[in-house]
Every structure is written in structure tokens, then in C-alpha cells.
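Thank you all for coming.

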Amino acid sequence: MAQVTTTNLELIQPLANYQALTDEQFMLLKEDDNLYEYVNGELIIVANSGVEHGYLALTLGYFLTGFVRDHKLGITCDSSTAFKMKTGNKRSPDLAFIAKERLQGLKRLPKGFFDGAPDLAVEIISANNTFEEIHTKLVEYFENGTRLAWVILPDEECVLVYRKPKPSQLLQLEDSLDGEDVIPNFHLPLTDLFQELSF
């Protein structure tokens with residue numbers, strides 16, 4: 001997810017104190033057609049990422065959502081979904097999965113933010129991402145309930161698998177994504193994700 005940092009809230013919306021945004025104020029920011037994360041009292045504009053990034057997110061989301069729905073395992077969410085961390089930070093992975101156990105008792109999904117991080121967080125590396133930024137996000141995800149994370153590197157056509165904030169495994173084109181105990185029996189060959197165009 002490409003990011004551009006701004007501390008000049010007047011360019012975004014006239015709120016007097018951006019370091020004390022309420023959940024309601026943060027939700028209203030969507031009215032200006034930008035997407036944001038809120039990190040350590042600072043608004044971060046989530047910039048457009050390009051065709052490849054969007055295609056990979058939607059392709060993985062297609063396979064993942066179909067499997068999750070068919071097996072009634074929980075829900076998947078796109079990058080416009082904000083997850084509220086213990087610190088008050090609001091993070092938005094490129095793709096997320098929440099297990100059904102964390103949704104018990106709900107008839108409908110919340111209109112606002114989800115408390116805690118998703119069980120599976122997916123980040124797709126963009127040109128503007130830095131290692132420090134991704135690492136910081138992963139640390140916060142795992143501190144807030146994430147059990148598995150996939151970091152997709154489009155240029156290298158590979159995926160880093162995280163079971164804690166340090167990478168546990170590197171998957172290359174001949175390998176498959178594995179949902180492990182988070183999304184049991186989900187498998188996706190990376191060749192299905194990184195397909196060459198053939199039309």
C-alpha cells in the first residue's frame with residue numbers, strides 16, 4: 001500500500017486538532033475521496049497504487065473470499081477497511097480475513113472500525129513502501145491479534161510469510177500460499193496469482 005504522509009490537516013479537512021481525532025471524525029474523512037490510516041496521531045493518505053497492485057489484491061481476494069464464504073470460515077475485507085489497534089491507530093491492510101469466532105453473536109457487521117487486527121493481514125509492496133514502514137505495521141498487527149501475514153512482492157513474484165513480526169518463510173513461484181490453521185485447507189499456487197496476461 002503506497003503511502004504519503006501529511007501533517008497539514010487543513011489541506012484535507014478543517015479539524016482543529018488532528019492528534020485527537022475521534023472515530024466519528026476519522027470516518028468523515030472518507031467524504032473527500034481519500035483513504036487514510038491514522039498512526040501515532042498523524043494522518044497518512046493511502047495513495048493510489050497502480051494497476052498491478054489492484055489486480056493482485058482483487059485476484060487474491062477473489063480466491064480467498066470464495067473459499068472463506070464456501071466454508072463459512074469468517075469474512076474478508078478490502079483495503080478501505082480500518083482496524084482499530086490498542087494504541088488507537090487505525091490500520092488498513094490491502095486484504096484482510098477475520099475468523100468467524102471473532103464475529104460470534106453478531107447479526108450484522110459493524111458500520112465502524114473493527115477492534116483489533118485481522119487474523120490474516122495481506123500487504124502488497126508498492127514503490128513507495130519502505131521496509132521500516134511494513135515492519136512497523138506487522139509488529140502492530142501481531143500485537144493486536146493477527147496470526148498470519150502475507151507480504152506480496154510483485155517485482156520478485158514471491159511472498160514472505162509471517163507468523164510473528166519476523167519473516168518465517170519465503171514462497172517462490174513454484175510454491176503455494178497456505179492458510180495454515182488460520183484458514184484451514186486454503187491453498188493457492190503462486191502461479192495462479194502471478195499469471196502472465198494471455199489475451
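Before I describe the sheet, a word on the term: two strands count as paired here if DSSP finds at least two bridges between them. Please also keep in mind that this is a predicted model.

With that in mind, there is an open sheet of 6 strands, whose order is 4-7-9-10-11-12 and whose pairing is mixed. Strand 4, residues 74–78, and strand 12, residues 167–171, stand at the edges with a single partner strand each, so one side of each is left without a neighbour in the sheet. From one strand to the next, the twist averages 15°.

Helix 3, residues 131–143, lies across strand 9, strand 10 and strand 11, and runs at about 160° to strand 10.

Now to the packing. In soluble globular proteins, nonpolar side chains tend to be buried together. Here the largest nonpolar core has 27 residues, and those touching the most other members are Leu60, Phe97, Leu120, Trp150, Ile152, Leu177 and Ile183. At least two residues each come from several elements, including strand 7, strand 9, strand 10 and helix 4, while helix 2 gives the most, with 6 residues.

Which residues does Phe97 touch, leaving aside those up to four places away in sequence? Among them are Val68, Leu73, Ile75, Pro118, Leu120, Val182 and Ile183. Apart from this core lies another, of 18 residues, including Ala96, Ile98, Ile134 and Val151.

How values were computed: Residues are numbered from 1 along each chain as its sequence is written. This is a predicted model: local features need pLDDT of at least 70, side-chain atom pairs count only at pLDDT 80 or more; totals for chains, interfaces and linings use all residues. Side-chain values use heavy atoms; hydrogens and water are left out. A nonpolar core is a set of buried Ala, Val, Leu, Ile, Met, Phe, Trp, Tyr and Cys residues joined through side-chain atoms within 4.5 Å. Buried means under 20% relative accessible area, exposed over 50%, partly exposed in between (1.4 Å probe, protein chains only). Helices (H or I, at least four residues) and strands (E, at least two) are DSSP runs, numbered from the N terminus. Contact means heavy atoms within 4.5 Å. Axes are lines fitted to C-alpha atoms, for helices over the stretch in contact, and angles run from 0 to 180 degrees between N-to-C directions.
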